[in-house]
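Please look over the structure below before reading the notes that follow.

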Amino acid sequence: MTVSILRTADAWWVQTASGAARVPTDAATTAEVLADRAAIDAAANSTDTVPVDSLELVSPITTPCRVVAQATNYASHVKDVGRDPAKTPLTFFRKASGSVCGPFDDIVKPDHVRLLDYELEIGLVIGRELPVGTQVTEANLAEFVSGLVVTNDVSARAVQLTKAQFFESKSYPTFTPVGPALVLVDADELKRFGDLRLQLRVNGQIRQNMVVEGDILYPPVQALQTLAKFQKLDAGDLVLTGTPVGTALTARGVSQKPGELDLQAFLSAQTQNPNYLHDGDIVEATVATDDGAIDLGTQRNKVVYA
């Protein structure tokens, strides 16, 4: 059975059937609380709870940490941006951990940013050191992935496309909402990763709605196998696993092939796309299995133009 860890500015909590029980720990970081499993278990069995709604939740992933993301990792999204899934390699990029914010914080668009977009993703929470050279397999995957979180890879598309890189366009403060819960999963639950459904709504209108299985190109075991060839990971680090179809960015209606694309004309056309995020929009993102056995919760963020 999954265990949902919540965090406030001054404490860690476990969500139970009757509310939220405080974790008896001095842990200051995600890595430290994950290492204090006895305290987590004590909270999970406690009857001394408070209403979850009474807590002001912050990101359950503390910073600084590594934030590594998979690019173009769902076939539906790859096709929607005009590429061929069969020719799309496993690709990573980094986000600044300064972009991490809470599950109910405002997403703040800097004044110079145009074409603000969303990307609902499942985050893998690393639970122990994964040195370069580690052999990651289906059998030992759960030794390294302790939990899952809802994440939103917010993106400044005009910056991304004109500079042909991801780091700046996805690293502004508040561009990675995380939570509400860090959901601990065991090996059997992690095997149900493919059953998870990603759903994102903007102002109540559904934009993304896809089950992982059958759409993801490179699942977690392949991602960590490749990362382990060159990138050390530590407990508390975060790996984003890609987004399905439904982002505002799309190549639908574009006649040119990607290599022949007139970028300025494309960007000009995108400014007429109403699906990019506007001041005051409410973005709600949730990840869960359809049977509710694994539920990562729902984050709700308001878009604010600086």
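In this predicted model, Ser169 sits in the loop that runs between α5 (157–163) and β13 (176–177). Its relative accessibility is 0%, so Ser169 counts as buried.

**Around Ser169**
- The side chain of Ser169 reaches the backbone oxygen of Gln165 at 3.5 Å.
- Apart from neighbours within four places in sequence, Ser169 is in contact with Val154, Ser155, Ala156, Val159, Gln160 and Phe175.

**Cysteines**
- A disulfide is a covalent bond between the sulfur atoms of two cysteines.
- The structure holds zero disulfides.
- For the sulfur of Cys65, the closest cysteine sulfur is in Cys101, 13 Å away, which is too far for a bond.
- Cys65 is buried, with a relative accessible area of 14%, and Cys101 is buried too, at 6%.

**Salt bridges**
- Side chains of opposite charge can pair when their charged atoms come close.
- The count of salt bridges is 16.
- Asp153 and Lys95 form a salt bridge at 2.7 Å, N to O. Asp153 is in the loop between β11 (145–152) and β12 (155–156) and Lys95 is in strand β6 (residues 91–95), so the pair ties together parts that are 58 residues apart in sequence.
- Asp117 pairs with Arg157, with the closest N and O atoms 2.8 Å apart. This links strand β9 (residues 116–117) to helix α5, and the two residues are 40 residues apart.
- Asp290 and Arg197 also meet in a salt bridge (2.8 Å, N to O). Asp290 is exposed, with a relative accessible area of 58%, while Arg197 is partly exposed at 23%.
- Shared partners join Lys95, Asp117, Glu119, Asp153, Arg157 and Lys170 into one network of salt bridges.

Note on methods:
Residues are numbered from 1 along each chain as its sequence is written. This is a predicted model: local features need pLDDT of at least 70, side-chain atom pairs count only at pLDDT 80 or more; totals for chains, interfaces and linings use all residues. Side-chain values use heavy atoms; hydrogens and water are left out. Helices (H or I, at least four residues) and strands (E, at least two) are DSSP runs, numbered from the N terminus. Buried means under 20% relative accessible area, exposed over 50%, partly exposed in between (1.4 Å probe, protein chains only). A polar contact is a pair of N or O atoms within 3.5 Å; within protein, one must be able to donate a hydrogen and the other to accept it, and residues adjacent in sequence count only if both atoms are side-chain atoms. Contact means heavy atoms within 4.5 Å. A disulfide is a pair of cysteine sulfur atoms within 2.5 Å. A salt bridge is a side-chain nitrogen of Lys or Arg within 4 Å of a carboxyl oxygen of Asp or Glu.
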